[in-house]
Amino acid sequence: MDSPNQGLRIAPWLLGFDDARAMYLEQPQSTGWVARQMNELADSLGQSVRFEYSQDSLGALDYEKCVASGRIPTRDCAHDWYNAWVWLRYPAFKRALNLRHIAEAGKPAGANGRNRCRDAMTLFDENGLLLLTHRAELIGALHAFDWKALFCDMRPWWFGDVRVVVVGHGLLEALHRPYKGLCAKVRCVLLDPVANQVRTDDERLSIEVESLRTPAELLPLPVMGIPGWFSESAAPGFYDDPRVFRSKPTRRIESRD
């Protein structure tokens with residue numbers, strides 16, 4: 001698959017794809033061009049998944065049933081472009097999401113037609129980010145919403161001791177026009193600095209999907225604060241904005257009296 005992106009520097013949030021062609025460029029194309037390009041790439045990688053051009057307004061479960069059959073409904077837009085790239089780079093992760101959606105579909109659901117497990121799957125699919133590090137203190141700071149420690153005190157660690165894998169296709173689309181409040185939904189993996197790491201990122205992502213139960217198990221991370229991603233984060237006072245870098249919410253215990 002030829003691309004005008006070849007030779008361009010890969011954006012930091014696309015490093016997990018290891019391919020400059022992953023960057024979406026808005027350009028006039030014939031109808032169905034995203035599905036065609038992704039099928040060509042799938043063939044070159046020896047993958048059997050098929051992307052089919054579609055403008056149908058499928059319900060969430062009908063969409064998952066199409067996916068389960070091996071056909072990915074695909075529109076000509078950045079959102080579905082990145083969805084296809086995630087499928088090709090992390091196929092086990094995407095299949096695990098689909099299997100969980102199908103398995104949970106018959107269980108009691110909320111007003112949106114999904115239960116809490118499927119809500120979590122949807123959030124991770126759209127806005128997911130996997131953070132890998134051997135620095136337990138850094139993961140602790142994220143859990144504590146201690147943004148100054150996470151992004152300022154521990155800033156040097158982000159350039160060698162932390163690896164970020166963005167898999168949310170909605171998040172990848174939003175990063176074309178980022179704003180300060182843009183948040184990823186994060187799962188963390190604490191690595192052993194001594195042991196040989198034999199699992200692939202795709203395998204780790206699949207494990208996270210299998211263990212995920214509710215949206216509360218996903219941590220918010222304002223992505224413009226990630227050191228090295230945006231020059232704005234180096235400005236004095238950048239992390240002082242309480243609208244973005246919020247304190248950890250406290251759980252309110254209601255009285256039964």
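## Strand pairing

Two strands pair if DSSP finds at least two bridges between them. This is a predicted model, and strands S3 and S4 pair in it over five bridges, in the antiparallel sense.

Look at Leu-131: its bridge partner in S5 is Cys-188. What holds such pairs together? Strands of a sheet pair through backbone hydrogen bonds, either parallel or antiparallel.

## The sheet as a whole

Four strands make up an open sheet. Read across it, and the order is S4-S3-S5-S6. The pairing is mixed. Which strands sit at the edges? They are strand S4 (162–166) and strand S6 (219–222), and each of them pairs on one side only. On average, neighbouring strands are turned by 40 degrees against each other, direction ignored.

Strand S4 is an edge strand, and S4 is also mostly covered. Of its five residues, four are buried. Helix H6 (residues 136–143) lies across S3, S4, S5 and S6. Helix H6 runs at about 145 degrees to S5.

## Helices H1 and H3

Two packed helices are described by the angle between their axes and the distance between the axes. Take helix H1 (residues 33–45) and helix H3 (residues 78–89). Their axes come within 10 Å and cross at roughly 10 degrees. Angles under 35 degrees count as roughly parallel, so H1 and H3 are roughly parallel to each other.

Which residues meet? From H1 come Trp-33, Val-34, Gln-37, Met-38, Leu-41, Ala-42 and Leu-45. From H3 come Asp-80, Trp-81, Ala-84, Trp-85 and Leu-88. By class, this contact has 10 nonpolar residues, one polar and one charged.

## Helices H4 and H5

Now compare another pair. Helix H5 (residues 116–127) packs with H4: the two axes come within 9 Å and cross at roughly 155 degrees. Angles over 145 degrees count as roughly antiparallel, so H4 and H5 are roughly antiparallel to each other. Their crossing is left-handed.

On the H4 side, the contact uses Phe-93, Lys-94, Leu-97, Arg-100, His-101 and Glu-104. On the H5 side, Cys-117, Arg-118, Met-121, Thr-122, Phe-124 and Asp-125 take part. How do the residues of the contact of H4 with H5 divide by class? There are five nonpolar, two polar and five charged residues.

## Lys-94 in helix H4

Lys-94 lies in helix H4 (residues 91–104). Is Lys-94 buried or exposed? Its relative accessible area is 4%. Buried means under 20%, so Lys-94 is buried.

Leave out residues up to four places away in sequence, and Lys-94 touches Asn-83, Val-86, Trp-87, Asp-125 and His-169. One of these, Asp-125, belongs to the H5 side of the helix contact.

## Gly-32 before helix H1

Gly-32 lies in the segment before H1. With 4% relative accessibility, Gly-32 counts as buried.

Which residues does Gly-32 touch, not counting residues up to four places away in sequence? They are Tyr-53 and Asp-76. Phe-51 is 19 residues from Gly-32 along the chain, and the C-alpha atoms of the two are separated by 9.7 Å.

Methods
Residues are numbered from 1 along each chain as its sequence is written. This is a predicted model: local features need pLDDT of at least 70, side-chain atom pairs count only at pLDDT 80 or more; totals for chains, interfaces and linings use all residues. Side-chain values use heavy atoms; hydrogens and water are left out. Axes are lines fitted to C-alpha atoms, for helices over the stretch in contact, and angles run from 0 to 180 degrees between N-to-C directions. Helices (H or I, at least four residues) and strands (E, at least two) are DSSP runs, numbered from the N terminus. Angles under 35 degrees count as roughly parallel, over 145 as roughly antiparallel, 65 to 115 as roughly perpendicular and the rest as oblique. Contact means heavy atoms within 4.5 Å. Ala, Val, Leu, Ile, Met, Phe, Trp, Tyr, Cys and Pro count as nonpolar, Asp, Glu, Lys and Arg as charged, and the others, Gly among them, as polar. Buried means under 20% relative accessible area, exposed over 50%, partly exposed in between (1.4 Å probe, protein chains only). A crossing is left-handed if the near helix is turned anticlockwise from the far one by less than a right angle, and right-handed if clockwise.
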